[in-house]
Amino acid sequence: MSRKARFVDGCRKGIPITFGYVPMGIGYAAIAIKAGFTPLQTISMSFLVYAGAGQIIAASMVLSGAAAMAIILTNFVVNLRYFVMSTCVLNQIDDSNTPLNILAAHVTVDESFAMFSLSEDSSIWTYLGISITSWLSWCLGAAIGVFLLDLLPVIVTNSFNISLYALFVAILIPAIKENKQIALLVLITAILNVVLGQFLGNWSLIVSTLLGATVGMYIVDDEYILGGDA
């Protein structure tokens, strides 16, 4: 297949992701505008940062009056997984170069990474097709949110704000059902966040995440993390 054909094939594979990303992008825009972001800032953040849950967390923390350093460190911790994902993609793809690798790293997110990992195709063009389709759908959702939220009833705009929680539930439930150690780790981290929130405020998310990751090193089987049977 030619590069164009592989890219188009990747775009087709990325279409299912758009059905989740557009409403999530609208949900992010609802929180960002409420936090005081301008329409340009809201949309630009989607193009330049493209961190999905990280953007929603950042907007939520701005809304709650968190310090800039707390927002930066929280997103650094939450988005550390992208280093691993980008490395895995780099080791899997072929027919690539440095500019394409940089672009691929920018548009790497959980869903596009998972879809590409499950495919047998190792072309960078297929991966870019999947990832760019997802990226543009997220930006489209943010744009729709910016321009249409004022026209929608309040009950509808508020409903988009639960998109982050729906995403987390969708990610966590399969892992929790498959491995009780993961369920215990999620519970421990949640309790840590609630308790530490009484003393550390917005910093509790960073500390509880790091402590939860440390606990996970001891209670979650290595075989499960590496993809074997737990």
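Visitor: What share of the 230 residues in the chain is buried?
Guide: Buried residues make up 40% of them. This is a predicted model. Buried means under 20% relative accessible area.

Visitor: How many helices and strands does the chain have?
Guide: There are 13 helices and zero strands.

Visitor: What share of the contacts with a separation of 6 or more joins residues 24 or more positions apart?
Guide: Such pairs account for 72% of those contacts.

Visitor: How do you know that the span of H8 is close to the one expected?
Guide: Helix H8 covers residues 124–148, which is 25 residues. The expected span is 1.5 Å times one less than the number of residues.

Visitor: Why is H8 called largely enclosed?
Guide: Of its 25 residues, 19 are buried, so the rest of the structure largely encloses H8.

Visitor: What is found at the start of H8?
Guide: A side-chain oxygen of Ser-123 comes to within 3.1 Å of the backbone nitrogen of Trp-125. The cut-off for a polar contact is 3.5 Å.

Visitor: Why is Ser-134 called buried?
Guide: The limit is under 20%. Ser-134 has a relative accessible area of 0%, so it is buried. Its place is in helix H8.

Visitor: Which residues does Ser-134 touch, not counting those up to four places away in sequence?
Guide: They are Gly-14, Ile-17, Tyr-21, Tyr-50 and Ser-112.

Visitor: How many Å separate the C-alpha atoms of Thr-18 and Ser-134?
Guide: They are separated by 5.8 Å, although the two residues are 116 residues apart along the chain. Thr-18 is in helix H1.

Visitor: Why does Thr-18 count as buried?
Guide: Its relative accessibility is 17%. The cut-off is 20%, so a residue under it counts as buried. Leaving aside neighbours within four places in sequence, Thr-18 is in contact with Pro-23, Thr-133 and Ser-137.

Visitor: How many aromatic pairs are there?
Guide: The count comes to five.

Visitor: Why is the pair of Tyr-21 and Trp-138 called edge-to-face?
Guide: Ring centres must lie within 6.5 Å to pair, and planes over 60 degrees apart count as edge-to-face. Here the centres are 5.8 Å apart and the planes stand at 75°, so the pair is edge-to-face.

Visitor: What does the pair of Tyr-21 and Trp-138 tie together?
Guide: Tyr-21 lies in helix H1 (residues 3–34) and Trp-138 in helix H8, so the pair ties together parts 117 residues apart in sequence. Both residues are buried.

Visitor: What makes Phe-116 and Tyr-127 an edge-to-face pair?
Guide: Their rings are 5.0 Å centre to centre, with 65° between the planes. The angle has to be over 60 degrees. Phe-116 is in helix H7 (residues 110–118) and Tyr-127 in helix H8, 11 residues apart. Phe-116 and Tyr-127 are both buried.

Visitor: Which residues do ring pairs link into a cluster?
Guide: Tyr-21, Tyr-28 and Trp-138.

Visitor: Which residues have the most contacts inside the largest nonpolar core?
Guide: Tyr-28, Tyr-50, Leu-128 and Trp-138 do, in a core of 37 residues. Elements giving two or more residues to this core include H1, H3, H7 and H8. The largest share, nine residues, comes from H8.

Visitor: Which residues does the second core include?
Guide: This separate core has seven residues, among them Ala-30, Ile-43, Val-146 and Leu-149.

Visitor: Why does Gln-55 count as buried?
Guide: Its relative accessibility is 0%. The limit is under 20%, so Gln-55 counts as buried. Gln-55 is found in helix H3 (residues 53–63). Its contacts, leaving aside neighbours within four places in sequence, include Tyr-28, Asn-75 and Trp-138.

Visitor: How do you know that the span of H11 agrees with what it should be?
Guide: Its 21 residues should span 30 Å, and the end C-alpha atoms are 29 Å apart, which agrees. In H11, Ile-182, Leu-185 and Leu-196 are buried. Just after H11, Gly-201 takes a positive phi of about 65°.

Key:
Residues are numbered from 1 along each chain as its sequence is written. This is a predicted model: local features need pLDDT of at least 70, side-chain atom pairs count only at pLDDT 80 or more; totals for chains, interfaces and linings use all residues. Side-chain values use heavy atoms; hydrogens and water are left out. Helices (H or I, at least four residues) and strands (E, at least two) are DSSP runs, numbered from the N terminus. Buried means under 20% relative accessible area, exposed over 50%, partly exposed in between (1.4 Å probe, protein chains only). A polar contact is a pair of N or O atoms within 3.5 Å; within protein, one must be able to donate a hydrogen and the other to accept it, and residues adjacent in sequence count only if both atoms are side-chain atoms. Contact means heavy atoms within 4.5 Å. Rings of Phe, Tyr and Trp (its six-membered ring) pair if their centres lie within 6.5 Å; planes under 30 degrees apart count as stacked, over 60 as edge-to-face and the rest as tilted. A nonpolar core is a set of buried Ala, Val, Leu, Ile, Met, Phe, Trp, Tyr and Cys residues joined through side-chain atoms within 4.5 Å.
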